[in-house]
Amino acid sequence: MAPKSESIEGIVLNYVNEQNRPLNSQNVADALQKFKLKKTAIQKALDSLSDSGQISFKEYGKQKIYIARQDQFNILNSEELDQMKKANSKLQAELEAQKKAIAEVEAENRVLQSNLTLEEIRTKESKLKVEVSLMEEKLEKLRTGIVLVKPEDKKATEEAYREKINQWRKRKRIFKELWDTLTDNSPKDLKEFKEELGIEFDEDVGISLQLYGDLMTSRKRKRTS
């Protein structure tokens, strides 16, 4: 007689049949912890089920391995297996198509979320209109010859620039004299000595005093032409 499903033997038998794979008593005890069954009770149920022929078992040394009886399951023939394989392949293809469709919807959703809302578009449009208006006003002033920089401000800026160039030229000359004196008859490689001291010439960093000086010269030429 088959055990009642709510009894310990019934619970163990149902689990073994559902798994339909080799199990030892520890496997079953771990899986059925939710029923709060002790391992000794599970071992007793397994032995009782195997003794009554409701499950099969094999001994490997001191270890007993239990498995569901295979004669209770419908064994498929080769034709049925082929049909199942085809059905499985079809389901797999449908699953992949569903995954692809979901991925496309998710991608489209991300794009929609990244787009501006109507309110944000209107706010940005208003801001751009203000910027365009300011730029057009400035352009109109340039077209009509309105001076945007006061003559006295322009003069002060040019004088300050000229002073900086003169200071640069003076300090460059002083440094050159000191460097020439320091390195005259020096056995050291000048490039290595310069790197050792952490010194960089204007040319090392792509700066030309001549270029900045020529800017003032070209300004003078434009004013006199």
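Guide: A salt bridge here is a side-chain nitrogen of Lys or Arg within 4 Å of a carboxyl oxygen of Asp or Glu. One caution: this is a predicted model, where local features need pLDDT of at least 70 and side-chain atom pairs count only at pLDDT 80 or more, while totals for chains, interfaces and linings use all residues. Residues are numbered from 1 along each chain as its sequence is written, and side-chain values use heavy atoms, leaving out hydrogens and water.

Visitor: What makes R69 and D71 a salt bridge?

Guide: Their side chains come to 2.4 Å, N to O. The limit is 4 Å, so the pair qualifies.

Visitor: Why is D71 called exposed?

Guide: Buried means under 20% relative accessible area, exposed over 50%, and partly exposed in between (1.4 Å probe, protein chains only). D71 has 56%, so it counts as exposed. R69 has 32%, so that one is partly exposed.

Visitor: How do you know that K176 and D180 form a salt bridge?

Guide: Their closest N and O atoms are 3.0 Å apart, which is within 4 Å, so they pass. Both sit in helix α6 (residues 151–183), 4 residues apart, about one turn of the helix. Helices are DSSP runs of H or I with at least four residues, numbered from the N terminus.

Visitor: How many salt bridges does a search of the whole structure find?

Guide: It finds 7.

Technical notes: Helix = DSSP H or I, 4+ residues; strand = E, 2+ residues; numbered from the N terminus.
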